Amino acid sequence: MRYGHTIINPDNLSHLCPENPERSDSGSAARHSGWVQTTDLLHALYARRLRRQVMAGPLPRHVGLIIDGNRRWARQQGMANPSIGHKYGADHISHVLTWCEGLGIDHLTVFLCSTENLQRRGDEEVAYLLRVIEQMVADRFDRPDARWRMHVAGLLDMLPDSTARALKSAVEATRTCDTGFHLTLAIGYGGRQEVIDALRELLYERAEAGESMRDLAATLSVDDIARHLYTAGQPDPDLVIRTSGEQRMSNFLLWQSAYSELYFCEAYWPAFREIDFLRALRSFAARQRRFGG
C-alpha cells in the first residue's frame, strides 16, 4: 500500500505501533496530528494482518481477562484521582466484547474485583469502583437489546445492596439472550473461596441424600466439584490474559484454569488495544496444548 511517497508493507508493521506518540512542544501540533493519522493507519493495517493470522489458526472459545493497571494508567495520564482509571477500564470492556464478537469468541470472563480488593483497598476507592461497576452494568447489560448474556461469579453477600441488585437485575434482563455470547463478571471473587463453597455445597447435597462421608470419599470426582463452582455449566478458559506486566494469577479461576494458556501483556488495561488482544490470540494459536500431558 502507498501512503504519500512511502510504500507501506502491512506484513512488517509491528515495530511501528508504540502505545503513545511523543510530543515535543506546543508548536508541533500540526506535525503531531499528521503523525497520529499515520500511526492510526499503520495500526489498522497491522491489526488487519494480525486478524488474518488469528483467523487462520485455532481460536479460544473462552478467554479470561485479569484487567490490571487502571490506577497506574491514570497516574501515567496525570489524573489527580487515580481511581478514575477504573471508569476508563470499565468503559473499555465493551471494546473487547466487540472484538470477541467479530472473531466468534463466545465466552469471556472478566476479573473486576477480588475478595482481597474488597477487604484490603481503601473504603473510598472500593466505593468508587463499585459505583462504576453498577453504572456499567446498568448502561450496557440491563437492557432488552443486550448482545451478551451476563453471569456473575463471586460472593454477592460481600457487596453493597445497590451493587448486588444491579448485578442481579442485569443477569435477569439477559437471561433470554440467545446470541450465544456469555460474559461472566468476577466480582467479590476468590478462586480458593470458590472451591471451598463448591465442596460445601457438595457435602450438603450428599448429606441430604443420606450419603455417608465414607461413600462420598470413595466416589468423589472432578465433575462432582465442577458442578458446584460459580461457573458451573460454562467451558473452562482456554486462554487467560493479564495486563499491566504482572505475571501471576491472583486467585483467578484457579480450578478452571488448570490447563489454560497464559499470556501476560505489558499494557495497562485502559491502554490494551485490539492489536494487543490479537497478539495474545496469535500466541495462543502457535502453542501446542497438552492438557497436562
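This note goes through a predicted model of one protein chain, point by point.

1. Overall content. The chain has 293 residues, and 46% of them count as buried. Its secondary structure consists of 10 helices and 8 strands. Among contacts between residues at least 6 apart in sequence, 76% join residues at least 24 apart.

2. The sheet. Six of the strands are named in the order S5-S6-S4-S3-S7-S8, and they make an open sheet with parallel pairing. Strands S5 (149-153) and S8 (261-264) stand at the edges; each has a single partner strand, so one side of each is left without a neighbour in the sheet. On average, neighbouring strands are turned by 20 degrees against each other, direction ignored. As background, strands of a sheet pair through backbone hydrogen bonds, in either a parallel or an antiparallel way.

3. Strands S3 and S4. S3 covers residues 62-66 and S4 covers residues 107-114; the two pair in the parallel sense over 5 bridges. To find one of these on the structure, look for glycine 64, whose bridge partner in S4 is threonine 109. Helix H3 (residues 84-103) packs on the sheet and touches S3, S4 and strand S6 (182-189). The direction of H3 makes about 165 degrees with that of S4.

4. Strand S7 and its two partners. On one side, S7 pairs with S3 in the parallel sense over 4 bridges. Here leucine 65 stands opposite isoleucine 241 of S7. S7 is also joined to S8 by 4 bridges, and these two strands run parallel. Valine 240 has leucine 262 of S8 as its bridge partner.

5. The faces of S7. In a regular strand, side chains alternate between the two faces of the sheet. Are the residues on the faces of S7 buried or exposed? Leu239 and Ile241 lie on one side, Val240 and Arg242 on the other, and all are buried, which leaves both faces covered. Note that this list includes an arginine, Arg242.

6. The nonpolar cores. The largest nonpolar core has 51 residues. The members that touch the most others are Leu65, Leu108, Val110, Leu112, Leu185, Ile241 and Phe277. Another core lies apart from the largest one and has 9 residues, among them Ala186, Tyr189, Met249 and Phe252.

7. Helix H10. This helix runs over residues 274-286 and has 13 residues. From its first C-alpha to its last it reaches 18 Å, close to the 18 Å expected at 1.5 Å a residue. Which residues of H10 are buried? They are Ile275, Asp276, Phe277, Leu278, Arg279, Ala280, Leu281 and Phe284.

8. Salt bridges at glutamate 125. The structure holds 24 salt bridges. In one of them, arginine 71 meets glutamate 125, with the closest N and O atoms 3.6 Å apart. Arginine 71 is in helix H2 (residues 70-76) and glutamate 125 in helix H5 (residues 123-140), so the pair links distant parts of the chain, 54 residues apart. Glutamate 125 also forms a salt bridge with arginine 121, and there the closest N and O atoms are 2.7 Å apart. Glutamate 125 is buried, because its relative accessible area of 13% is under 20%. Arginine 71, at 22%, is partly exposed, and so is arginine 121, at 38%.

9. The side chains of arginine 72 and glutamate 246 meet in a salt bridge at 3.4 Å, N to O. Arginine 72 belongs to helix H2, while glutamate 246 sits in the loop between strand S7 (239-242) and S8, so the pair ties together parts 174 residues apart in sequence. Both ends are partly exposed: arginine 72 has a relative accessible area of 28%, and glutamate 246 has a relative accessibility of 23%. These two residues belong to a network of salt bridges that links Asp68, Arg72, Arg242, Glu246 and Arg248. Arg242 of this network is the buried arginine of S7 described in point 5.

Notes:
Residues are numbered from 1 along each chain as its sequence is written. This is a predicted model: local features need pLDDT of at least 70, side-chain atom pairs count only at pLDDT 80 or more; totals for chains, interfaces and linings use all residues. Side-chain values use heavy atoms; hydrogens and water are left out. Two strands pair if DSSP finds at least two bridges between them. Axes are lines fitted to C-alpha atoms, for helices over the stretch in contact, and angles run from 0 to 180 degrees between N-to-C directions. Contact means heavy atoms within 4.5 Å. A salt bridge is a side-chain nitrogen of Lys or Arg within 4 Å of a carboxyl oxygen of Asp or Glu. Buried means under 20% relative accessible area, exposed over 50%, partly exposed in between (1.4 Å probe, protein chains only). The expected span of a helix is 1.5 Å times one less than its number of residues. A nonpolar core is a set of buried Ala, Val, Leu, Ile, Met, Phe, Trp, Tyr and Cys residues joined through side-chain atoms within 4.5 Å.
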